[in-house]
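Here is a short tour for anyone who likes to read a fold piece by piece. Please keep the sequence and the 3D view open as you follow along.

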Amino acid sequence: MNNWKKLLCSLTFVCLILPVTSISAAAEEPAGSENLVPIREIAEKNGAEVSWQQKTGQITIRKNELTIVVKIGEKQAIVNGQVLPLDHPVQLTKGVTFMEGGFLTEALKAAPEDIFISLISEGDGKEAAKYVHSSVSGVLSPTLLSQLWGALEGQNGKITSKAIAKHVKK
């Protein structure tokens, strides 16, 4: 009986921690496409911006210097001008566009410098130290990294990983 209680508690816990957005997206997922994910949800969770052109059915995903363009019904993605094949066409179901999850998450993977800034700004010098180049890792200990970041924020205010300055062309 004790095992049943543990199992019931575990199942209840798992059900309570599932994000509502994932449940709603899964309910609207196209039939027979287990590896397709909602583009906007995944892209925005990875720090990208998504734009939709309803007339053409084109979706543009931008993150830093990366641009991905896909079109409803097509089995290809254009990544920074290079055409790459997809196993499944991009699909539109109930107002949500879906594409291959593996392709999208791999393409949007965070750059090491983004991960470093995020970790160090959260005060996690130990984890951030893993992203420091080996040539300086012996000198910059996790404690020193946290202290340096704290001093930098002390002089300049809270620093975010999002750029606030815009490049001005002459």
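Glutamate 44 and arginine 40 are four residues apart in helix 3 (residues 39-45), which means that about one helical turn separates them. Helices here are DSSP runs of H or I with at least four residues, strands are runs of E with at least two, and both are numbered from the N terminus. The two side chains form a salt bridge, with their closest N and O atoms 3.3 Å apart; the term asks for a side-chain nitrogen of Lys or Arg within 4 Å of a carboxyl oxygen of Asp or Glu.

Before going on, a word on the source: this is a predicted model, in which local features need pLDDT of at least 70 and side-chain atom pairs count only at pLDDT 80 or more, while totals for chains, interfaces and linings use all residues. Residues are numbered from 1 along each chain as its sequence is written, and side-chain values use heavy atoms, with hydrogens and water left out.

How many salt bridges does a search of the whole structure find? The search finds three. Another one joins glutamate 41 and lysine 45 at 3.2 Å, N to O, and these two also lie in helix 3, four residues apart. Lysine 109 and glutamate 106 meet in a salt bridge too, at 3.2 Å from N to O.

The table gives relative accessible areas for some of these partners; buried means under 20%, exposed over 50% and partly exposed in between, with a 1.4 Å probe and protein chains only.

| Residue | Relative accessible area | Class |
|---|---|---|
| Glutamate 44 | 44% | partly exposed |
| Arginine 40 | 38% | partly exposed |
| Glutamate 41 | 19% | buried |
| Lysine 45 | 55% | exposed |
| Lysine 109 | 55% | exposed |

Now to helix 8 (residues 142-156). Leu145, Trp149 and Glu153 are its buried residues. Just after helix 8, glycine 157 takes a positive phi of about 85°.

Finally, the sheet: five strands form an open, antiparallel arrangement in the order 2-3-4-5-6, where pairing requires at least two DSSP bridges between two strands. Strand 2 (49-53) and strand 6 (82-85) are the edges, each pairing on one side only.
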